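Biologist: I would like to learn how to read a protein model. Can you take me through one, feature by feature?

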Amino acid sequence: MTRTFQRIFVDHPQSVDETYFEHMRFAGWFASRLLLAGGAALVHAVIPCLFEKTASGMIREMHARISTRS
């Protein structure tokens, strides 16, 4: 395995005790939650009575999940 390949695809997932695919799955979940939270916040910006606590709740959930990782 070349050093470049190792640096790009292996080093960081290993640093959080995950395989490449485990890390891909978590990062994909996290990205989708960020997109949904951003959408809820955008709708809330236009219509304040909608999604009053949705984005902040999602952010708290993501923080809890990422804080318990290795």
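Modeller: Let us start with charge. This is a predicted model. Its protein chain carries 8 positive and 6 negative side chains. The centres of the two sets lie 4 Å apart.

Biologist: What elements does the protein chain have, and in which order do they run?

Modeller: The protein chain has four helices and zero strands. From the N terminus on, the order is α-α-α-α.

Biologist: How do I judge the overall form? What radius of gyration does the protein chain have?

Modeller: Set the value beside that of a compact globule. For 70 residues, such a globule would have a radius of gyration near 11 Å, whereas the protein chain has 16 Å. Then look at the box. Along the principal axes, the C-alpha atoms fill roughly 55 × 20 × 15 Å.

Biologist: How much of the protein chain is buried, and how much surface is exposed?

Modeller: Of the 70 residues, 17% count as buried. The protein chain exposes about 5400 Å². Carbon and sulfur atoms supply 66% of that area.

Biologist: What share of the contacts joins residues at least 24 apart?

Modeller: Take the contacts between residues at least 6 apart in sequence. Of these, 45% join residues at least 24 apart.

Biologist: Now the rings. How is a pair of aromatic rings described?

Modeller: By two values: the distance of the centres and the angle of the planes. The structure holds six aromatic pairs. One of them is formed by Phe5 and Phe9, with 5.1 Å centre to centre and 40 degrees between the planes.

Biologist: Which word describes the Phe5 and Phe9 pair?

Modeller: The pair is tilted. Planes under 30 degrees apart would count as stacked, and planes over 60 as edge-to-face.

Biologist: Where do Phe5 and Phe9 sit?

Modeller: Both are in helix H1, residues 3-9. They are four residues apart there, so about one helical turn separates them. Phe5 is partly exposed, at 41% relative accessible area. Phe9 is partly exposed too, at 32%.

Biologist: What can you say about Phe26 and Phe30?

Modeller: They form a tilted aromatic pair, 6.0 Å centre to centre, with 35 degrees between the planes. Both lie in helix H3, residues 20-46. Again they are four residues apart, about one turn of the helix.

Biologist: Is Phe26 buried or exposed?

Modeller: Phe26 has a relative accessible area of 10%, so it is buried. The cut-off for buried is under 20%.

Biologist: Which residues form one aromatic cluster?

Modeller: Phe5, Phe9, Tyr20 and Phe21.

Biologist: Next, His23. Why does His23 count as buried?

Modeller: Because its relative accessibility is 16%. His23 lies in helix H3. Now leave aside its neighbours within four places in sequence. His23 is then in contact with His12, Pro13, Val16, Glu18 and Arg69.

Biologist: Last, the backbone. What is phi of Asp17?

Modeller: Phi of Asp17 is near 60 degrees, a positive value in a residue other than glycine. Asp17 sits in the loop between helix H2 (11-15) and H3. At 62% relative accessibility, Asp17 counts as exposed.

Biologist: And what is phi of Phe51?

Modeller: Phi of Phe51 is near 50 degrees, a positive value in a residue other than glycine. Its place is in the loop between H3 and helix H4 (54-67). Phe51 is partly exposed, with a relative accessible area of 42%.

Methods. Residues numbered from 1 in each chain as written. Predicted model: local features only at pLDDT ≥ 70, side-chain atom pairs only at ≥ 80, totals over all residues. Heavy atoms only, no water. Helix = DSSP H or I, 4+ residues; strand = E, 2+ residues; numbered from the N terminus. Rg over C-alpha atoms; globule rule 2.2 N^0.38 Å. Buried < 20%, exposed > 50% of the residue type's maximum accessible area, 1.4 Å probe, protein only. Contact = heavy atoms within 4.5 Å. Areas by Shrake-Rupley, 256 points an atom, 1.4 Å probe, with all protein chains shown as cover. Lys, Arg positive; Asp, Glu negative; His and termini not counted. Charge placed at Lys NZ, Arg CZ, Asp CG, Glu CD. Phe/Tyr/Trp six-rings, centres within 6.5 Å; stacked < 30°, edge-to-face > 60°.
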